[in-house]
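Let's take a quick tour of one protein chain. Have a look at the model first, and then we'll go through it topic by topic.

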Amino acid sequence: MKAVQYRVYGDSEVIEYVDVERPVAGDGQVLVKVAATSFNPVDAGIRGGYLTEVFAVDLPHIPGIDVAGTVAELGRGVEDWNVGDAVVALLPMDANGAAADYVLAPVESLAAAPRTAPLADAAALPTVGLTAWQALFEIAGVTAGQTVLINGAGGAVGGYATQLAKNAGAVVTATAKPGDADRLRSRGADRVIGYIDYTATPLAIDGAPFDVVLNLVGTTPMETEALASVVADGGHYVGTMTAGPERPRGGLHAQRVFVRSDAAQLAGLVRRVDAGELHIDVALRRPLVEASAVHEEYDAGRLPGKTILMP
């Protein structure tokens with residue numbers, strides 16, 4: 001089968017498009033014929049060798065932690081799934097991924113794919129959708145009537161977070177580039193603002209204080225402190241890149257979110273897609289052979305949004 005892999009850590013040039021042996025489903029595994037995987041920033045971090053202490057992958061390594069596809073083979077002990085079933089999953093980050101014609105998936109990671117979206121597009125859901133869900137509801141416990149600030153809402157996680165928070169009955173303020181404003185309003189944002197002046201003391205953001213601040217961008221310690229200052233007493237600061245202020249004030253709950261695979265939560269997101277409550281946004285659809293170019297564009301800051309890669 002064809003696959004994308006790299007034999008050494010490095011920049012996008014280490015990525016190869018090669019022939020590899022098709023895997024065989026073992027105990028508790030399902031072999032999935034890949035309709036698409038998606039690019040995530042963690043793919044670049046692992047490829048560059050920056051995350052070796054967190055994700056000890058074996059080289060050569062096939063990237064791609066998201067998968068949408070159809071069941072091709074069942075391993076021993078697998079029940080409740082049949083060959084031909086359409087599935088989605090967030091795969092283990094330290095195992096070979098879905099940038100290939102076929103991939104092995106632990107059965108406990110699988111959820112049925114959305115019926116109302118193209119199967120390939122569903123690869124844009126697992127990692128970022130689960131990140132948004134776990135940040136908002138597992139960590140911050142967002143409920144109806146609360147106010148939520150999503151900083152960096154124009155990205156893939158932000159798009160899902162905006163929809164999920166609004167669907168939960170929260171009042172949503174989103175920060176984003178002007179080109180993303182209309183899309184975020186259509187996804188439920190009550191207010192969209194642009195540049196935050198972190199030098200303002202106190203930080204001036206319409207709608208503050210917020211019950212929850214979800215920070216989806218890398219911020220300096222000063223900027224992180226400023227964002228945390230607009231969290232209401234007893235509220236939550238949740239970051240994907242920062243854990244919060246170095247010395248959080250009393251009453252502030254601050255935590256960094258590290259996404260994990262959860263089939264039940266993923267199935268819940270799929271139900272919301274099929275109910276028309278959650279829209280899957282895909283910016284680019286690229287053939288798998290262009291994976292190196294996608295990594296290069298990300299490294300250069302030119303990747304415009306969620307990109308899926310199709311064999």
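Start with Asp80, which sits in the loop between S4 and strand S5 (86-90). Helices (H or I, at least four residues) and strands (E, at least two) are DSSP runs, numbered from the N terminus. Keep in mind that this is a predicted model, where local features need pLDDT of at least 70, side-chain atom pairs count only at pLDDT 80 or more, and totals for chains, interfaces and linings use all residues. Residues are numbered from 1 along each chain as its sequence is written, and side-chain values use heavy atoms, with hydrogens and water left out.

- Asp80 has a phi near 70°, a positive value in a residue other than glycine.
- Most residues other than glycine have a negative phi, and most peptide bonds are trans.
- Leu59 and Pro60 are joined by a cis peptide bond, with omega about 0°; Pro60 is in the loop between helix H1 (41-47) and strand S4 (66-74).
- Ala208 and Pro209 are also linked by a cis peptide bond, with omega about 0°, and Pro209 belongs to the loop between S10 and S11.

**The annotated domain**

- UniProt, in an unreviewed entry, places the feature "domain: Enoyl reductase (ER)" at residues 10-309. UniProt positions are given in the numbering used here, feature names are shortened, and annotations may be inferred rather than shown by experiment.
- Over residues 10-309, the chain is 23% helix and 25% strand, and the end C-alpha atoms are 20 Å apart.

**A parallel sheet and its helices**

- Six strands make an open sheet with parallel pairing, in the order S10-S9-S8-S11-S12-S13. Two strands pair if DSSP finds at least two bridges between them.
- Strand S10 (191-193) and strand S13 (253-256) are at the edges with a single partner strand each, so one side of each has no neighbour in the sheet.
- Neighbouring strands of this sheet are turned by 15° against each other on average, direction ignored. Axes are lines fitted to C-alpha atoms, for helices over the stretch in contact, and angles run from 0 to 180 degrees between N-to-C directions.
- Strand S9 (residues 171-175) is joined to S10 by three bridges, and the two run parallel. Thr173 stands opposite Arg191 in S10.
- Helix H2 (residues 126-139) lies across strand S8 (147-151), strand S11 (210-215), strand S12 (231-239) and S13, at about 150° to S12.
- Helix H5 (residues 221-228) lies across S8, S11 and S12, and runs at about 140° to S12.

**Pro23 and Met1**

- Which residues does Pro23 touch, not counting residues up to four places away in sequence? They are Met1, Leu31 and Leu104. Contact means heavy atoms within 4.5 Å.
- Pro23 is in the loop between strand S2 (15-19) and strand S3 (29-38), while Met1 lies in the segment before strand S1 (2-6).
- Leaving aside neighbours within four places in sequence, the contacts of Met1 include Val18, Asp19, Ala100 and Tyr102.
- Met1 and Gly141 are 140 residues apart in sequence, and their C-alpha atoms are 44 Å apart in space.

**The second largest pocket**

- The second largest pocket is lined by 16 residues, and Pro23, Asn96, Gly97, Val103 and Leu104 lie nearest its centre.
- Here, a pocket is an open set of points on a 1 Å grid over the protein atoms alone where a 1.4 Å probe fits, with protein on both sides within 12 Å along at least five of seven lines; lining residues have an atom within 4 Å of a point.
- Strand S6 (residues 102-106) gives the largest share of this pocket's lining, four residues.
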